[in-house]
Amino acid sequence: MSSESNPSKASTASSEPAGGGALEGLKVVEFGRSLVGPVMGRFLALHGATVVKVESRRSLDVSRLMGPYGKEERTPDTGGTFANLNANKFGITLDLKHERGPELARRLMLWSDVVIENMGLTTLDDFGLGYASLAAENPGIIMASGTAQGHTGPHAHHPGWAVFMFALCGISELTGDPAGTPQYPTGLYPDLLPPRFGAIAILAALDYRRRTGRGQHLRVSQFESCAYVMAPQTLDYQVNGVVAQRTGNRSSWAAPHGVYRCRGEDRWLAINVTSEEQWRCLCQGIDRTDWLGDARFETLHVRKQNEDELDRLIEDWTSQHACEDAMRILQAAGVPAGRLSDGRDLSEDPQLAARGHSRVVDHSAVGRFSVESPAFRLSRTPASVDRPGPRLGEHTEHVFRDILGLPESEFADLESKGAFE
Amino acid sequence: MRDEFPVLSGYRLLELADEPGVLCGKVFADLGADVLKIEAPRGGPDRERAPFAGDRRGENTSLHFAAYNAGKRGLTLDLEREEGREIFLDLVARADFVIDSYAPGVLQTLGLEYASLARANPRIIHASVTPFGQEGPYREFASTEMVTSALAGLLYMVGEPGEAPVHTNFPMSVHAAAALDAATGLLVAHHERERSGLGQYIDVSAQEAAKWMTFDVALRWELEGAILRRAGAALEYAEGIRRRVHWRCSDGWVAFAVFPAPSSYKSARSLTEWMQEEGYETGAFGEASWEDLDYFDMSEKDILALEDPVAKFFEDRSMQELYDGALDRAILLAPAMTAREIVESPQLEALDFWAEVADPDRGGDARYPRFLRSSEVSVGVRRRAPRLGEHNQEVYENELGIPAERLRKLGDHGVV
């Protein structure tokens, strides 16, 4: 089965290895699974670091099994999630349970500047590949570990599946109508905040190593990352004894402030009027200047008192318009308003397109899909999406022979004995 | 061994940012950089954000401000005045990083866009965090976090099917990601600067940062032509197949579900056993042969009926009882924590998660979170958030060498 890119398409990404970039020359080994580890590696790989991702045929990165699938064939090489999350990386297979597995992994880790892992609390230690063991041989090595709730403590061993982490991290309880059931938050904060903290920590540690010669073991977790961002609410509880609640779409200091139905099926517009000036702009923008002198609406205080009525009137207006048109009318008047985009809207969004948010990859095994750049654009050394995530074991031979210099005969011997399963 | 030499000590970041970018400077401060927060003489908008200590509104009482500005030093400076801009460029010459969250075009109008900063200091790295970025058709759009998350595809995905989607009250749900992306960008550019000696400009879009919080939404459309939709308190893990995730318990909510995975089947059997020990009917849930079920072939009604027996068991127990049982019995269940449970979490206590900081303006000592633990350096808040203009004299007089007399005049003229 081929998963080479199709070079005939103008938008096709190259299958050549990443070249150049701000992090060119940085060597990274990633034992990443699902999102937390792989996304740390992704930030680095898109900026030109050489990232070698280690998997085993006995223990795949679970995101290889997540789809979505653009083609009939469903194999570990055809899912879009893995292809997106692991763009620009080299992929190797190595069986740590093979008698020479740990030794080969160790050679690779000692070649690297940075090791990224979210394999569980003790997996690398169990193979003699933990930070202390590597640092004894190379004090400059940097290791970044991601866990659900940290390496130690009474709850550290509890599995950190994303669906449960939303609840644990306090996000579920804050999502939805105050009187109703907490809603499933969907935005992957517990999966996508920790790798951001991890990437920041790795880059800071590289600077520290440059200045001191010393490496370090960096540890981030899903629980701590979310609790860190929640600081205003944890302070509110400590100082005032107030426990923050979910608030639906309303705000105590703004009205109208909500999501309003538009023309069409399941089409919506968010409108947030956050000042008296914006209220005037809204009334003028939708030709309801009569509301400006209306005793029910003339101050925020009375608008809050009459909010149900106000929301109904706003929705009378939005429901006569396509959400894009209503958005343009309100934005032209200076009112914060945005369409609730769905998957198709995002793929066709003019702003994302104008910024070159993603690069379309036409991949023979996966299909045609977008791989996003990070949300930050460096003016002089921008990120570059060069190729989608590797096929399972695609670069095993390249990495062991060309990077680690294993002789051809030894590589063949190890391969025949199952070391690269 | 921990070293008291923090990881980014010796570097200085100038912050001209409120909410969308404010966490970037916070992270730099926690890593030991000298972060100078520069506010207009009347104070920035985040000082007016609730909650307030003791519910007392004041320029130094906002807990929102405290949470995201602890560890920084505070300056005031009027950038609309020529003298203010000169002082700012003096600071730029002595800084390594700048972050701002002005609307696109504002810094150009002030003559303080990246090109001008680079003339003062060619090594400067400058990041701007805005809702939609510096270019493109939405660049001038007025926005809030909720509006940005609408256009990022996040808002559409939350809430009851058929009803209006609903925003989360998780603070900075979108802006945290954008500010952290700015921090990553600054440090990527810094790594490159160590080689080239040159700075650069970084344009951060909160819409893009937020969009990637649900990256599977666009992927599913592009590869499968499927529009993912919100599923209420459940997770829709394949089109039309929802799994209930949030369940009521005696004092709140817990998350629980069975998914097609061996550890999840084990978790379901472990829960069955616990329910039976306590004398509960386990019905269809207890009899299910999980390995043989084809979830893709079951209707939502079937799945709900299958899982129904656990509801009563959960309703009769508190979050704490259920979590204790889940920890003991390897059940995949988690309590829906609030700020209270997080502050009081024994797990966070064991991790040495909190740093104690004295803050008399806000009711005394309070504990601030850490985002990172390191084998080598200490990370975390070292001082409370700055009062308005608290470090003007320290920085302008002692570090920039502005004579006291001139500084007084600048104060009289409202520049600082």
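This is a predicted model: local features need pLDDT of at least 70, side-chain atom pairs count only at pLDDT 80 or more; totals for chains, interfaces and linings use all residues.
Trainee: With which residue does A:Asp290 form a salt bridge?

Mentor: The general idea comes first. Side chains of opposite charge can pair when their charged atoms come close. In this structure, the partner of A:Asp290 is A:Arg288, with 3.0 Å between the closest N and O atoms. A:Arg288 is itself partly exposed, at 30% relative accessible area.

Trainee: Does A:Asp362 count as buried or exposed?

Mentor: A:Asp362 counts as buried, with 11% relative accessibility. Its side chain meets that of A:Arg368 in a salt bridge of 3.7 Å, N to O, and A:Arg368 is partly exposed at 43%.

Trainee: Which residues are linked in a network of salt bridges, and how many salt bridges does the structure hold over all chains?

Mentor: A network joins A:Arg267, A:Glu324, A:Arg339, A:Asp342, A:Asp345 and A:Asp349. Over all chains, the structure holds 73 salt bridges.

Trainee: Let us turn to nonpolar residues. Which members of the largest nonpolar core touch the most other members?

Mentor: In soluble globular proteins, nonpolar side chains tend to be buried together. Here the largest core has 143 residues, and those touching the most other members are A:Leu193, A:Val229, B:Phe28 and B:Leu31. Helix H7 (residues 175-196) of chain B supplies the largest share of this core, eleven residues. Apart from it lies another core, of 30 residues, including A:Leu94 and A:Val399.

Trainee: Which residues does B:Leu31 touch, leaving aside those up to four places away in sequence?

Mentor: B:Leu31 touches residues of both chains: A:Ile200 and A:Ala204 are among them, as are B:Pro6, B:Phe371 and B:Val379.

Trainee: What is the strand order of the open sheet of seven strands?

Mentor: The order is S3(A)-S2(A)-S1(A)-S4(A)-S5(A)-S6(A)-S14(B), with mixed pairing. Strand S3 (90-93) of chain A and strand S14 (373-374) of chain B stand at the edges; each has a single partner strand, so one side of each lacks a neighbour in the sheet. Within the sheet, S5 (residues 142-147) and S6 (residues 216-221) of chain A run parallel and are joined by six bridges; A:Ser145 stands opposite A:Arg219 in S6(A).

Trainee: Which helix lies across S2 and S3 of chain A?

Mentor: Helix H17 (residues 396-403) of chain A does, running at about 95 degrees to S3(A).

Trainee: What do the overall values say about chain A, and into which domains is chain B divided?

Mentor: Chain A has 18 helices and twelve strands, and its C-alpha trace spans about 85 × 55 × 40 Å along the principal axes. Of its 421 residues, 62% count as buried. Chain B is divided into domain 1 (12-213 + 351-412) and domain 2 (245-343), with centres 42 Å apart, taken over C-alpha atoms.

Definitions and conventions. Residues are numbered from 1 along each chain as its sequence is written. Chains are lettered from A and ligands numbered from 1 in the order in which they are written. Side-chain values use heavy atoms; hydrogens and water are left out. Domain bounds come from an automatic or database domain assignment. A nonpolar core is a set of buried Ala, Val, Leu, Ile, Met, Phe, Trp, Tyr and Cys residues joined through side-chain atoms within 4.5 Å. Buried means under 20% relative accessible area, exposed over 50%, partly exposed in between (1.4 Å probe, protein chains only). Helices (H or I, at least four residues) and strands (E, at least two) are DSSP runs, numbered from the N terminus. Contact means heavy atoms within 4.5 Å. Two strands pair if DSSP finds at least two bridges between them. Axes are lines fitted to C-alpha atoms, for helices over the stretch in contact, and angles run from 0 to 180 degrees between N-to-C directions. A salt bridge is a side-chain nitrogen of Lys or Arg within 4 Å of a carboxyl oxygen of Asp or Glu.
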